[in-house]
Amino acid sequence: MTRSGGQKLKLKEVLAEIDMSRSAFYRMKARGKGPKCIKLPNGQLRVRRVDLDAWWEANEEASV
């Protein structure tokens, strides 16, 4: 558990789960179509598990 109580995934974990390359992820993020990300002071990205799950649900609904 993290201090805020939600699991935060590293970008590598997110990319593996959504089966996407890093460059494709950044293109999608630039278009505003990616999951909500947290940028750390060192420049690394994290994605809360709840935000990734919400992104999955939103994309499932959009494709139906």
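I count a residue as exposed when its relative accessible area is over 50%, and as buried when that area is under 20%. The model is predicted.

**Overall fold.** I looked up the secondary structure first. I found three helices and three strands in the protein chain. Along the sequence, I read the pattern β-α-α-β-β-α.

**Surface and contacts.** I checked burial next. Of the 64 residues in the protein chain, 25% are buried. I put the accessible surface of the protein chain at about 4,800 Å², and carbon and sulfur atoms hold 51% of that. I then turned to contacts with a separation of 6 or more in the protein chain. Residues 24 or more positions apart make up 39% of them.

**Helix α1.** Which residues of α1 are buried? I list L11, V14, L15 and I18, in a helix that spans residues 11-18. They lie on the same side of α1, because their arc around the axis is only 100°. I recalled the general rule here: an α-helix has 3.6 residues a turn, so residues three or four places apart point the same way. On the other side of α1, I noted K12 and A16 as exposed. I also looked just past the helix end.

**Aromatic pairs.** I found two aromatic pairs in the structure. In one of them, F25 and Y26 have ring centres 6.0 Å apart. Their planes stand at 80°, so I log this pair as edge-to-face. Are the two partners buried or exposed? F25 has 0% relative accessibility, so I mark F25 as buried. Y26 has 38%, so I mark Y26 as partly exposed.

How values were computed
Residues numbered from 1 in each chain as written. Predicted model: local features only at pLDDT ≥ 70, side-chain atom pairs only at ≥ 80, totals over all residues. Heavy atoms only, no water. Phe/Tyr/Trp six-rings, centres within 6.5 Å; stacked < 30°, edge-to-face > 60°. Buried < 20%, exposed > 50% of the residue type's maximum accessible area, 1.4 Å probe, protein only. Helix = DSSP H or I, 4+ residues; strand = E, 2+ residues; numbered from the N terminus. Arc of directions from axis to C-beta. Contact = heavy atoms within 4.5 Å. Areas by Shrake-Rupley, 256 points an atom, 1.4 Å probe, with all protein chains shown as cover.
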